[in-house]
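These are my notebook entries on one structure. I set down in turn what I looked up.

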Amino acid sequence: MIPKSAYKYFVKQTAARLGFDYCGIAKAEKLNDEARRLESWLNKGFNGSMSYMNNYFDLRVDPTRLVPGAKSVITLLLNYFPAEQQKTEAPRVSKYAYGKDYHEVIKEKLKNFLTTVQQNIGEINGRGFTDSAPVLERSWAVKSGLGWVGRNGNLITKNQGSFFFIATLITDLELEPDDPFAKDYCGTCTKCIDSCPTEAILPNKVIDGSKCISYFTIELKDMLIPTDVKGKFENNMFGCDICQDVCPWNRFSKPTREAEFTPLNEVLNFSKNDWEELTEESFKIIFRKSPLKRSKFEGIKRNLKFLDS
Ligand code: SF4
Ligand code: SF4
């Protein structure tokens with residue numbers, strides 16, 4: 001068994017061995033400031049029709065409600081920046097969706113992570129999350145020293161920018177926390193605000209989710225996209241990377257080492273015509289493991305039509 005003094009080192013080594021790019025640790029405690037900010041964001045309706053965000057408010061802001069006796073929150077970052085990008089003239093797919101669905105990839109890694117820690121440290125309890133439960137991932141990432149939240153609402157690392165998935169593991173294992181990330185390196189830059197086609201980025205790092213292209217193209221289930229955003233999608237068919245692509249910190253992005261995120265050939269090479277001629281049957285086969293299935297075939301077709309209208 002690992003001695004207590006080496007727990008933190010072991011946790012970080014395990015994260016690296018499983019392919020995570022960064023790992024930070026914070027003390028599990030209620031997030032009071034974030035609770036106030038989240039409440040105000042929800043009250044303003046910035047979650048649009050994503051009503052699930054209203055659920056479990058108390059759990060979202062307090063990890064000890066999610067895992068009884070929680071002592072530590074471990075944040076893990078997994079780079080998804082692709083080595084190759086789409087043909088520019090085709091309808092655009094957000095880079096996070098080029099390969100296999102990250103939920104599946106990360107779920108597996110978190111399971112392995114917990115088992116390894118249990119086998120080497122002992123009977124600890126823990127729950128892993130990635131986008132799948134009410135966890136304020138970015139706040140935990142900042143608290144554990146991994147980066148800052150930029151004006152575009154993304155977690156930004158100083159070494160490699162923001163193209164990362166964030167996974168969180170809440171555990172009753174007591175670990176020495178890392179120092180929080182105290183600085184904000186956005187400085188006077190406003191590139192993301194200036195470039196957002198739908199003016200979804202508001203002052204003070206507030207994102208109006210109900211105006212974001214990612215929301216319209218992925219989360220909105222209505223068959224009609226509001227006409228006031230017509231002509232503003234800049235060829236984005238599934239998600240949007242504009243506010244990350246323009247961020248100066250992303251010039252430090254490096255290609256992912258995760259083989260599961262290798263882009264699908266179809267995503268890289270489909271022409272506009274290929275997308276338009278795609279049948280439901282082929283969609284279900286080609287994208288069965290892809291995040292694109294979240295929009296379903298009808299959603300993809302709706303988005304394509306909207307780009308053309
Ligand atoms: S993802 Fe696109 S639409 Fe959404 S905030 Fe960023 S630039 Fe604006
Ligand atoms: S584009 Fe500029 S303001 Fe926006 S997140 Fe990046 S550094 Fe911050």
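Entry 1: I note that the model is predicted. I then looked up Trp249, which has 17% relative accessibility and therefore counts as buried.

**Entry 2: aromatic pairs.** How many aromatic pairs does a search of the whole structure find? I recorded 22 aromatic pairs. One of the entries I examined is the pair of Phe233 and Phe306, with 4.9 Å from centre to centre and 55° between the planes, a tilted arrangement. I looked up where the two partners lie, and the pair links distant parts of the chain. Phe233 belongs to the loop between helix H8 (213-219) and strand E10 (236-238), whereas Phe306 is in helix H13 (residues 296-308). The two are 73 residues apart. I found both Phe233 and Phe306 to be buried. I next returned to Trp249 and Phe252, which also form a tilted aromatic pair, at 6.0 Å centre to centre and with 55° between the planes.

**Entry 3: an aromatic cluster.** I asked which residues form one aromatic cluster. My list reads Tyr80, Phe81, Tyr96, Tyr102, Phe163, Phe165, Phe238 and Phe261.

**Entry 4: the ligand shells.** I turned to ligand 2 and found Trp249 again, among the residues that surround this ligand. The shell also includes Cys186, Cys189, Cys192 and Cys247, together with Gly150, Arg151, Asn152, Ile156, Lys191 and Pro248. I recorded the division of the shell around ligand 2 as seven nonpolar, two polar and two charged residues.

For ligand 1, I wrote down Cys196, Cys212, Cys240 and Cys243 as members of the surroundings, along with Thr198, Ala200, Ile201, Ile213 and Ile242. The shell around ligand 1 holds eight nonpolar residues, one polar and no charged.

**Entry 5: Asp101.** Is Asp101 buried or exposed? I noted a relative accessible area of 9%, so Asp101 is buried, the limit for that class being under 20%. I placed Asp101 in the loop between strand E3 (92-93) and helix H5 (102-121). Leaving aside residues up to four places away in sequence, I found that Asp101 touches Lys289, Ser290, Pro291 and Lys293. With Lys293, I also recorded a polar contact of 3.4 Å between the side chains.

Terms used: Residues are numbered from 1 along each chain as its sequence is written. Chains are lettered from A and ligands numbered from 1 in the order in which they are written. This is a predicted model: local features need pLDDT of at least 70, side-chain atom pairs count only at pLDDT 80 or more; totals for chains, interfaces and linings use all residues. Side-chain values use heavy atoms; hydrogens and water are left out. Helices (H or I, at least four residues) and strands (E, at least two) are DSSP runs, numbered from the N terminus. Buried means under 20% relative accessible area, exposed over 50%, partly exposed in between (1.4 Å probe, protein chains only). A polar contact is a pair of N or O atoms within 3.5 Å; within protein, one must be able to donate a hydrogen and the other to accept it, and residues adjacent in sequence count only if both atoms are side-chain atoms. Contact means heavy atoms within 4.5 Å. Rings of Phe, Tyr and Trp (its six-membered ring) pair if their centres lie within 6.5 Å; planes under 30 degrees apart count as stacked, over 60 as edge-to-face and the rest as tilted. A residue is near a molecule or strand if one of its heavy atoms lies within 4 Å of it. Ala, Val, Leu, Ile, Met, Phe, Trp, Tyr, Cys and Pro count as nonpolar, Asp, Glu, Lys and Arg as charged, and the others, Gly among them, as polar.
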